[in-house]
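Please have the sequence and the model at hand.

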Amino acid sequence: MSVLHFACTECGKCCSEAPEMSLIEAMRLGDVFIPAIAYRLTRLPKEDNDAGIASIKLNADFEGTDPRDFLKSVRDSIAVRAGTAITGEHGWDSFVFVSARAWHYKRIGCPALKGKLCTVHDRRPSTCRTVPARYDVPESLLVRSFHGMVTRGKTMPNPYECDTSESAPAFFREDVLVDDAYVKDRAAATEAAMGERELAAKILTSPLLPPPQETVQRLRKSGPFTISFHAAVVHARELGKIDTPAALSFCDSQMALIEREVAAALLRKRRDERDWTSRFRTLQAAYQSLKKSLLSNVDQLAAP
Ligand code: SF4
């Protein structure tokens with residue numbers, strides 16, 4: 001029987017960047033991260049688009065996979081299932097996936113990582129909980145993605161310390177994920193992402209953000225990008241995904257966090273951080289104004 005073993009040794013080496021999160025997770029972690037809305041476009045050739053299928057470039061982890069099988073797997077991914085379908089391009093299906101990603105001054109590393117330790121371990125986002133069996137990788141591609149990440153990580157100059165010896169718990173048996181904790185975390189994360197579809201669609205067409213055509217054009221031209229998060233809070237409250245006290249508390253924690261980050265940056269006096277400082281100041285003003293509007297309407301606003 002083919003068995004792959006794995007245990008995380010919490011070496012912190014895969015925390016090389018701030019994690020992607022669901023929108024609601026980002027709102028719960030407002031005291032830790034300064035989130036931005038992150039847009040990602042997934043374009044898939046339709047089944048009869050042979051030229052489109054032939055043009056697909058598989059990354060190294062998936063080399064050798066039949067492109068049609070690969071595409072079938074990607075159609076089952078969260079980026080597609082929880083994404084908003086965009087029509088209008090002959091021979092292709094396109095989906096915009098909306099999530100959150102942290103903005104920060106540090107060039108490398110997650111801001112929640114101190115030395116080897118995740119300072120928010122018990123509250124860490126789903127992407128972190130499910131590495132190296134990430135919930136946004138479809139089941140059928142998990143083993144290849146696991147090999148790609150863990151094998152690559154263990155051969156890097158500063159290698160990952162994942163335990164893949166036979167003394168570690170069984171992780172995959174016959175290509176099926178069997179680690180109960182990971183199975184549960186993947187299921188919970190998938191359910192949460194699917195539960196945010198309506199919010200993501202609302203953000204895509206939000207009057208507070210660039211129009212969807214512009215967003216899609218930019219995604220096609222330059223790939224994934226991020227944009228200010230405050231509209232996500234407004235629409236999450238409108239849809240009852242968070243209540244008014246939670247929206248206010250998020251504004252407060254963001255303003256306090258930005259204040260601390262900016263104060264530390266001013267002490268560092270780095271020229272290359274000035275853009276970030278002014279971006280964060282603008283964001284802080286947006287949260288101030290959002291808080292004011294929430295408070296002034298608090299009597300009329302039925303707490304969702
Ligand atoms: S939140 Fe924790 S586990 Fe996730 S990337 Fe940051 S330090 Fe690593």
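## An open sheet

Three strands form an open sheet in the order E1-E8-E9, with antiparallel pairing. Strand E1 (3-5) and strand E9 (176-177) stand at the edges with a single partner strand each, so one side of each is left without a neighbour in the sheet. Strand E8 (residues 170-173) is joined to E9 by two bridges, and the two run antiparallel. Arg-173 stands opposite Val-176 in E9.

Helices (H or I, at least four residues) and strands (E, at least two) are DSSP runs, numbered from the N terminus. Two strands pair if DSSP finds at least two bridges between them.

## Basis of the model

This is a predicted model, in which local features need pLDDT of at least 70 and side-chain atom pairs count only at pLDDT 80 or more, while totals for chains, interfaces and linings use all residues. Residues are numbered from 1 along each chain as its sequence is written.

## Strand E5 and its partners

Strand E5 (residues 92-103) pairs with E2 in the antiparallel sense over two bridges. Strand E3 (residues 34-45) also pairs with E5 in the antiparallel sense, over twelve bridges. Strand E4 (residues 84-86) runs antiparallel to E5 and is joined to it by three bridges. E4 and E5 form a hairpin with five residues between them, and Gly-88 in the turn has a positive phi of about 115°.

Ser-94 in E5 is the bridge partner of Arg-43, and Ser-94 is also the bridge partner of Ile-86.

## The surroundings of Met-21

Met-21 lies in strand E2 (residues 20-21), and its bridge partner in E5 is Ala-100. Met-21 is buried, because 24 other C-beta atoms lie within 10 Å; a residue is buried if 20 or more other C-beta atoms, placed from the backbone, lie within 10 Å of its own, exposed if 12 or fewer, and partly exposed in between.

Not counting residues up to four places away in sequence, Met-21 touches Ala-26, Leu-29, Pro-35, Ser-99, Ala-100, Pro-125 and Thr-127. Contact requires C-beta atoms, placed from the backbone, within 7 Å.

## Two packed helices

The axes of helix H11 (residues 244-268) and helix H12 (residues 274-296) come within 9 Å and cross at roughly 155°. This makes H11 roughly antiparallel to H12. Axes are lines fitted to C-alpha atoms, for helices over the stretch in contact, with angles from 0 to 180 degrees between N-to-C directions; angles under 35 degrees count as roughly parallel, over 145 as roughly antiparallel, 65 to 115 as roughly perpendicular and the rest as oblique.

Note on methods: Contact = placed C-beta atoms within 7 Å.
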